[in-house]
Amino acid sequence: MGSTEEIKSFWNLNCLPRMLHAQSYVNTSSFQPPAFLMIGIPGLEALHAWISIPFSSMYTVALTGNCLILLAVRRTPSLHQPMYYFLSMLALTDVGLTLSTLPTTLAVLWFDRRLIGFNACLVQMFFLHSFSVVESSVLLAMSFDRFVAISNPLRYAAVLTNNVIIRIGVAIVARATVSLFPVPFLLKRLNFCPGKILLSHSFCFHADVMKRACADITVNIVYGLYVVLSTVGVDSLLIVLSYTLILHTVMGLASPRERVRALNTCVSHILAVLVFYIPVIGVSMIHRFGRQLPHTIHALVAYVYLVVPPVLNPIIYSVKSKPIREAMLRVLRGKGQG
């Protein structure tokens, strides 16, 4: 009931701007709605209370699992190695990605609070996409780590020193920030329609927000495509190249046991890459070629893309990596190091 009154009030606030927009369209360079209206999962609004249970569970697992990895690496001196530093970067990125969508998603599912301010929407969108770019870059750095460890193990520690790892981390953050910084400003210059304020998700997605504009969005589309290709696209190709070189090196090993052992060190990373890139491809394909699909499918794929990787990554590494698993258990038991 409160939600209905909130929506009615919002529409009343927009009646005057809508009429003014119709009368002075030519003289108005831009119109920005005071807020957007979010939805949870289209067609399943009556089940939001039940749907919130698995979502709350996944958010809890994501935050708990990734924070445990961060604590485990920090408190265990034997894990102060390049491979685990990169894993810490991945865990920290997953925490950021989770926190960027958690407030609005749970607000919609728990309390039916569906309004988000225009500027708040742009801020959320910036962080959401920035953390996605950072995650892609970290996965690329991890593939480089595996390549150096397998192809040149004797120089592994000399190549990936602490200073090099810090520089890689700074470069990753700078790359994401520079790539995504123009996006909110490109949206703010657009003229939005007062009647088109309903978003397709419970968070602000760039492709979703720009479609609410009543203006030419060619620049936004082109720049968005450039960001995707220059970050996630380039990263995915370089990851494939890294594993091609790794496979070539492994096949050159004389002992079958050595080959298996070398490949086993890559399994966790390969799974993390698949968990991230398969949903990315799914979201891209659906936004470009699946417009006739039900809105429910669009929403679910977007949630898989943003929620599932932070949930699965800690599970993958705790299952496949014995040192990480043991360190996480020590953290849970309250022991500092072993």
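Helices and strands in these legends are DSSP runs, numbered from the N terminus. The views show a predicted model.

View 1. L44, L47, W50 and I53 make a nonpolar surface patch of about 420 Å². One of these residues, L47, sits in the loop that runs between β1 (35–37) and α2 (48–75). The relative accessible area of L47 is 41%, so this residue is partly exposed.

**View 2. The disulfide of C121 and C204.** A disulfide is a covalent bond between the sulfur atoms of two cysteines. The structure holds two disulfides, and in the one shown here the sulfur atoms of C121 and C204 are 2.0 Å apart. The link of C121 and C204 is left-handed, with -125° about the S-S bond. C121 belongs to helix α4 (residues 118–151), while C204 belongs to the loop between α7 (182–188) and α8 (206–210), so the bond ties together parts that are 83 residues apart in sequence. Both C121 and C204 are buried.

**View 3. The disulfide of C193 and C214.** Here the sulfur atoms of C193 and C214 lie 0.8 Å apart. The link of C193 and C214 is left-handed, with -45° about the S-S bond. C193 is in the loop between α7 and α8, and C214 is in the loop between α8 and α9 (218–251), so the pair ties together parts that are 21 residues apart in sequence. C193 is buried, at 11% relative accessible area, whereas C214 is partly exposed, at 26%. With bonded cysteines counted along the chain, the disulfides follow the pattern 1-3, 2-4.

**View 4. A salt bridge between buried residues.** R212 and D208 form a salt bridge, and their closest N and O atoms are 2.3 Å apart. R212 has a relative accessible area of 15%, which means that this residue is buried. D208 is also buried, with 3% relative accessibility.

View 5. The side chains of E258 and R261 meet in a salt bridge of 3.3 Å, N to O. Both residues lie in helix α10 (residues 256–264), where E258 and R261 are three residues apart, about one turn of the helix. E258 is partly exposed, at 34% relative accessible area, and R261 is exposed, at 55%.

View 6. K322 and E326 are joined by a salt bridge between their side chains (3.9 Å, N to O). Helix α13 (residues 322–333) holds both K322 and E326, four residues apart, about one turn of the helix. E326 is partly exposed, with 36% relative accessibility.

Conventions
Residues numbered from 1 in each chain as written. Predicted model: local features only at pLDDT ≥ 70, side-chain atom pairs only at ≥ 80, totals over all residues. Heavy atoms only, no water. Patch = residues over 30% accessible without salt bridge, like charges linked within 9 Å, V, L, I, M, F, W, Y side chains within 5 Å. Areas by Shrake-Rupley, 256 points an atom, 1.4 Å probe, with all protein chains shown as cover. Salt bridge = Lys/Arg side-chain N within 4 Å of Asp/Glu carboxyl O. Helix = DSSP H or I, 4+ residues; strand = E, 2+ residues; numbered from the N terminus. Buried < 20%, exposed > 50% of the residue type's maximum accessible area, 1.4 Å probe, protein only. Disulfide = S-S within 2.5 Å.
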